[in-house]
Amino acid sequence: MRHKHSDYMYWSKMESRARFNLATSGVASFPFRELPIDLKKFEINGDNSYGYARLQDAIAAHHRVDPDCVVESAGTSMGNHLAMAAIIDPGDEVLIEHPTYGPILDIAHYLEGNVKRFRRREENGWAIDPAEVRSCVTPKTRLFVITNLHNPTSVLTPDSVLREIGDVARSIGALVLVDEVYLDAVYENTPRTSFHLGPEFVVTSSLTKVYGVSGLRCGWILAQVDLAWKMRRLNDLYSATPVHPGELLSVVAFQHLSLLRERARRIVDSDRKLLRDFLKQQSNVCAVSTEWGTTSFPRLVNRNADSFLKRLRSEFDTSAVPGRFFEMPDHFRIGMGVNTGMFAEGLNRLNQALG
Ligand SMILES: Cc1ncc(COP(=O)(O)O)c(C=O)c1O
């Protein structure tokens with residue numbers, strides 16, 4: 001049977017809720033009332049057959065790319081799906097980082113790709129080792145998939161490493177898909193999109209995680225013009241046209257992007273400080289600490305994370321994402337950036353549960 005679902009998404013929608021929710025990955029919702037909007041200028045329908053020009057221009061300006069390379073998508077989720085579906089055919093080898101964001105694997109399996117993995121190792125700070133990537137490549141490798149920042153660890157992959165992977169890809173006629181949905185959570189010296197590194201790079205992103213406007217589902221893909229058209233044509237089979245009021249709101253969000261980002265940044269920064277203190281004091285967990293990002297991926301020392309997290313939720317009303325969704329059952333993922341009071345109490349309860 002072909003793979004047609006995501007266990008992680010089901011868990012996240014149905015089983016992750018708790019009063020102290022550390023199972024998040026995006027920042028707090030940006031309040032609608034704080035977006036300076038003139039609703040009189042809004043329309044239900046618009047000229048958006050293959051994308052709404054003003055939004056495409058806003059995305060292109062944000063990344064300093066040609067608007068013809070921008071494909072609108074319903075979140076990074078649909079971006080990843082369209083990108084992979086346009087690039088791979090059943091049986092093509094897809095080389096995906098391990099650990100990774102579950103739905104990326106689910107999409108590759110759904111598309112009947114031949115999924116191969118390369119490891120990011122904790123002892124190596126979860127960094128991508130280009131030598132390891134190279135050793136996994138075969139002449140059939142069609143696509144490499146990376147998240148940057150990395151979900152679940154938030155580790156940043158520098159351009160030098162991405163370039164090496166791009167070189168490998170180019171040498172075998174493959175492409176590199178980089179999911180950059182968290183990249184703008186690098187609040188200082190924010191790296192440019194890897195799309196600028198060369199024509200073998202395809203990038204997905206959205207306003208969902210770092211800007212607090214997930215409900216707009218404003219996502220996109222950056223791809224070379226021909227490939228971008230293939231993706232737009234493919235999207236005709238899924239959703240015909242985007243939701244136009246969502247596009248209009250997204251244009252407004254782009255006009256006030258630093259307002260959205262800075263609001264979230266204050267919470268992410270405060271939460272990170274609390275997390276650092278927690279990790280310093282708590283010997284039952286250890287984690288690679290990062291300077292940026294909204295998630296951390298601690299390892300539970302000498303304990304089964306699944307049963308621990310079940311007890312954490314039932315007895316302490318606190319949730320975190322089980323590492324099994326990242327194929328690392330000894331770990332769990334904690335999210336920052338929603339509410340510092342809630343985060344502090346969640347860590348407090350985590351401490352109590354760890355004893
Ligand atoms: C790496 C990664 N890509 C994509 C998504 C989905 O993003 P969106 O909400 O923009 O569809 C997530 C959500 O957690 C994610 O972590």
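Predicted model: local features only at pLDDT ≥ 70, side-chain atom pairs only at ≥ 80, totals over all residues.
Residues are numbered from 1 along each chain as its sequence is written, and side-chain values use heavy atoms, with hydrogens and water left out.

View 1. The ligand has 15 residues around it, and the closest are Ser77, Asn151, Asp179, Tyr182 and Arg217 (a residue is near if one of its heavy atoms lies within 4 Å). Helix H3, residues 75-87, gives the most to this shell, with 4 residues (helices are DSSP runs of H or I, at least four residues, and strands are runs of E, at least two, numbered from the N terminus). By class, the shell has 3 nonpolar, 9 polar and 3 charged residues (Ala, Val, Leu, Ile, Met, Phe, Trp, Tyr, Cys and Pro count as nonpolar, Asp, Glu, Lys and Arg as charged, and the others, Gly among them, as polar).

**View 2. Side chains facing ligand oxygens.** A polar side-chain atom of Ser77 lies 2.5 Å from a ligand oxygen. For Ser206, an N or O atom in the side chain is 2.8 Å from an oxygen of the ligand, and for Lys209 the polar side-chain atom is 3.1 Å from one. Taken alone, the ligand exposes 400 Å², and the protein buries 96% of that (Shrake-Rupley areas, 1.4 Å probe).

**View 3. The largest pocket.** Here's where the ligand sits (more than half of its atoms lie within 2 Å of the grid points). The pocket holds about 820 Å³ of space (a pocket is an open set of points on a 1 Å grid over the protein atoms alone, with protein on both sides within 12 Å along at least five of seven lines; a cavity is a set where a 1.4 Å probe fits but cannot get out; lining residues have an atom within 4 Å of a point). Of its 32 lining residues, Ser12, Ser25, Gly26, Lys209 and Ser214 lie nearest the centre. The largest share of the lining, 4 residues, comes from H1.

**View 4. The second largest cavity.** About 70 Å³ of space lies in this cavity. Its lining includes Arg272, Leu275, Ser289 and Met336. Helix H9 (257-281) and strand S10 (295-296) each give two or more residues to that lining, and H9 gives the most, with 4.

Conventions: Polar contact = N/O pair within 3.5 Å; in protein donor to acceptor, adjacent residues only side chain to side chain. Points joined across faces, edges and corners; volume = space filled by probe spheres on them.
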